[in-house]
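Welcome, and please take a moment to look over the chain below. This short report then walks through a few of its parts.

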Amino acid sequence: MIEVSALNKHFGANHVLRDCSLAIDAGEVVTLLGASGCGKTTLLRCIAGFETPQQGRVTLAGEDVTTLPPNRRDVGFVFQNYALFPHMTVAENVGYGLSVRRADRKTMESSVAEALDMVSLTGFEDRFPKSLSGGQQQRVALARALVLHPKVLLMDEAFNALDAKLRGAMQIELRKIVKRVGLTAVCVTHDQDEALTISDRIAVMSEGRIEQFASPQTIYDSPTTAFVADFIGAANVLPRKAADRFVADDQGWANDVQSIVVRPENFNLTPQVVPGAVPGRVDFVRLTGPDMAYEIALDGGPSVRALIDRHDHIQLDVGDQVYVSVRDKDGCKPVLGAL
Ligand SMILES: Nc1ncnc2c1ncn2[C@@H]1O[C@H](COP(=O)(O)OP(=O)(O)OP(=O)(O)O)[C@@H](O)[C@H]1O
């Protein structure tokens with residue numbers, strides 16, 4: 001549905017996108033995730049038509065749109081600050097795109113009503129943006145994009161203006177709406193929880209490159225690089241030598257593997273000696289809610305993080321001697337690169 005092929009974008013000497021390629025299926029929700037400045041907004045703007053790459057191609061539904069302006073692409077856009085017109089009512093804001101297209105009054109009224117219904121804002125037609133909550137304003141912005149029935153919805157940090165609790169609720173709601181309508185959506189965020197909540201697939205970006213493009217589960221369970229492992233969820237990224245202490249028979253890891261990733265929940269802690277376990281000392285203990293999070297300084301280094309279910313009833317305090325082993329050797333994942 002959306003195909004981005006070997007995109008390169010420079011701003012002067014700044015090489016912002018480096019050979020970015022993505023094939024996004026119809027009906028998929030994809031997130032571009034990465035730290036500030038990694039190029040995710042620029043990639044979204046190339047898909048929208050606000051930027052033109054120096055090299056590479058963007059196709060939408062099979063049509064090469066690389067050099068077409070935004071209004072000639074069938075895309076809807078939700079901006080970070082919603083960009084609602086303050087002097088227009090909710091209905092006028094939502095209907096704006098239709099009035100530009102000179103839709104007749106009847107079509108306009110029924111389309112606006114339909115779009116407001118999709119975002120659960122029926123009855124808000126005559127209100128002005130400033131009288132709405134942040135979440136309601138975001139829904140108006142979404143309705144304004146949906147009213148034109150675009151093939152593709154693009155969203156740039158669309159949840160930033162909301163407080164943490166509302167943000168979580170709106171992420172779930174957005175995903176439900178997009179799935180119900182059957183849209184293809186591409187969203188930019190720097191927030192890993194948001195990416196995990198709304199996405200079918202996540203493109204993790206670093207320094208203008210797409211490091212990995214896969215489902216949330218694959219990204220979490222099988223990251224391909226040390227960067228991705230560290231960016232999504234908590235991870236122990238261990239030098240290969242250190243990991244060999246836990247996984248003696250080295251699992252046939254390839255030669256170019258530099259690091260091994262062990263998620264904190266894959267470590268087991270025991271106060272008594274266990275065959276194959278590595279001795280260490282508890283450095284820090286923290287309650288996370290359902291789990292206890294431990295930092296353990298292994299004898300001879302390095303430090304590792306372990307997450308233990310409180311139902312396991314392991315009582316360990318700072319300074320205690322402890323033995324660290326892995327629960328599942330298959331959960332020790334070889335990755336490229338190091339931290
Ligand atoms: N119009 C522009 N002119 C010059 N440089 C730009 C322009 N737009 C973006 N850049 C530069 O390109 C790089 C990537 O910016 P971009 O906004 O794509 O990153 P981002 O990952 O979305 O970051 P953020 O989360 O902070 O928005 C940055 O170094 C930025 O300064």
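The residues of the shell around the ligand divide by class into three nonpolar, eight polar and one charged. Here Ala, Val, Leu, Ile, Met, Phe, Trp, Tyr, Cys and Pro count as nonpolar, Asp, Glu, Lys and Arg as charged, and the others, Gly among them, as polar. Among the residues around the ligand are Phe11, Asn14, Lys40 and His190; a residue is near a molecule if its C-beta atom, placed from the backbone, lies within 6 Å of it. The largest share of this shell, three residues, comes from α1.

Please keep in mind that this is a predicted model, where local features need pLDDT of at least 70, side-chain atom pairs count only at pLDDT 80 or more, and totals for chains, interfaces and linings use all residues. Residues are numbered from 1 along each chain as its sequence is written.

Next come the domains, whose bounds come from an automatic or database domain assignment.

| Domain | Residues |
|---|---|
| domain 1 | residues 2–225 |
| domain 2 | residues 227–335 |

The centres of domain 1 and domain 2, taken over C-alpha atoms, are separated by 38 Å. Eleven residues of domain 1 are in contact with nine residues of domain 2, contact meaning that C-beta atoms, placed from the backbone, lie within 7 Å. On the side of domain 1 that touches domain 2, the classes are four nonpolar, six polar and one charged.

Note on methods
Helices (H or I, at least four residues) and strands (E, at least two) are DSSP runs, numbered from the N terminus. Two residues are in contact if their C-beta atoms, placed from the backbone, lie within 7 Å.
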